[in-house]
Amino acid sequence: MSLLERINEVHNQLKKDLSNVQKTFQSVEDLRLKYIGKKGIIPALFRDFGTLGPNEKRDVGKDLNTLKKSAEEGIQIITDKLSGSDHVDSGFDHTLPGFPFKPGHLHPVTQTMNRICDIFREMGFGTEFGPEVETDFNNFQALNFPPNHPARDMQDTFFIEDNILLRTHTSPIQIRTMMKQKPPIRILAPGRVYRNEAINPRSYCVFHQVEGLYVDENVTFAELKVTIEMFAKKFFGKDVKLRFRPSFFPFTEPSAEVDVSCIICGGSGCRLCKHTGWLEIMGCGMVDPNVFKACGIDPEKYTGYAFGMGPERIALLKYGIDDIRLLYEGDIRFLEQF
Ligand code: PHE
C-alpha cells in the first residue's frame, strides 16, 4: 500500500474515531495519543514521509498535512466542548441572570371576596359553603318564593331538571345552615352564582355573592345597620356615608338596599354614580318568619338579619372598571393591573 493510500485510510479511520469517541477526557486523550502522540500514527507517517524522494514528497505532503490538521482540530473541538470553553468562544455569557418570570396573583374578584370575608371574620362571622347545583326548595321555596310567585322572575334561572337548578344567589346557604344548626348562627357564605341574563357591560351569566346571616334572640335592624356600617367604613374608608333604601326580597321583611356615597366623587355627583352621589352595594333585611318556619326555627323566639352583596360589582366600583366582562376574559394585560 502506498503512503498516499495509507494516509487516506488513516483519515477515514480518524473521522470515524472522532465522531464515535466517548465524551470523557480520558477517551479524548487516548485518541490524541493514538494519532498525534509521539508514538502515534501520524508521526509514524511523517517518518515514512521523510524517506521519500522530492517528487513524491510534493504529491503526498499536502494530504499528510491535511490529515494532521484534521486530527489536531478535531481533538481540540471535543476537548473545548468537554471543558465548556466552547461556550465562551461563542460569545454567550452564561453568568448573565436569566429572564425574570412574574409570580401570579389572585384575581381582583378573589381579592375583593377575601377582603370582605376578612372584615366579617374579625366581627365573629364563620364561613359556610354550599353547592352550585341546588334544589328549587333551597333556592326558592324555603326562601319564601312560592311556586309561580312573580318574585322568581327577578332571578332568571338556569334549570337542570324540574326541581334542580344552578343557584341564582347564595341565599340557599342560609337555608342549609339553619337546617343543620340551631341559633345563635353568625355566618358568611361566599360563592359563585348563575343567572340566565343577557350578557352586557353590567351583567354576566356567572358571578359571585357573599351572603351574611345572623340569627339569635333579640336581633334588631339597628344591629344590621351598625354591622353594615362598620363593614363599609373598613372596606371603603372611614369617611364613607351609608343610605338604607326600602326594598323587597321574599326572604326578608323589612328589606333594604344599601348605598354608599360614591367612592369617586364622594357624593357630589359624577359619571360612576350617574350623578346621584350614591352607589348600591348590597341587599339586606330581617329574616322573614316564613323562612324560619321552613327551617324549623321558632320565629317567636328568634329574629335575625341577612345581607348579600356582589364582589364583582364592588370590584368594578373600587377599581373603576366599566365592563364586567373584562373580569372573565382572563386577559393577562388586564389582570396584571390588580
Ligand atoms: N339574595 C339576594 C339577591 O341575590 C340578596 C340578599 C341577600 C338580599 C340576603 C337580602 C338578604 O339579590
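Trainee: How does the lining of the largest pocket divide by class?
Mentor: The model is predicted, with local features needing pLDDT of at least 70 and side-chain atom pairs pLDDT 80 or more, whereas totals for chains, interfaces and linings use all residues. Residues are numbered from 1 along each chain as its sequence is written, and side-chain values use heavy atoms, without hydrogens or water. A pocket is an open set of points on a 1 Å grid over the protein atoms alone where a 1.4 Å probe fits, with protein on both sides within 12 Å along at least five of seven lines, and lining residues have an atom within 4 Å of a point. By class, the lining comprises 15 nonpolar, ten polar and eight charged residues.

Trainee: Which strand gives the most to that lining of the largest pocket?
Mentor: The lining counts 33 residues, with Arg195, Phe207, Gln209, Glu280 and Arg313 nearest the centre of the pocket. Two or more lining residues come from each of S6, strand S8 (252-261), S9, S10 and helix H11 (311-319). With five residues, the largest contribution is that of S9.

Trainee: Which element supplies the largest share of the shell around the ligand?
Mentor: The ligand is surrounded by 15 residues (a heavy atom within 4 Å), which divide into five nonpolar, eight polar and two charged. The largest share, three residues, belongs to S10.

Trainee: How far is a ligand nitrogen atom from an N or O atom in the side chain of His169?
Mentor: His169 is listed among the closest residues to the ligand, alongside Ser171, Arg195, Gln209 and Glu211. An oxygen atom of the ligand lies 2.9 Å from a side-chain N or O atom of Arg195. For the ligand nitrogen and the His169 side chain, the distance is 3.0 Å.

How values were computed
A polar contact is a pair of N or O atoms within 3.5 Å; within protein, one must be able to donate a hydrogen and the other to accept it, and residues adjacent in sequence count only if both atoms are side-chain atoms. Helices (H or I, at least four residues) and strands (E, at least two) are DSSP runs, numbered from the N terminus. Ala, Val, Leu, Ile, Met, Phe, Trp, Tyr, Cys and Pro count as nonpolar, Asp, Glu, Lys and Arg as charged, and the others, Gly among them, as polar.
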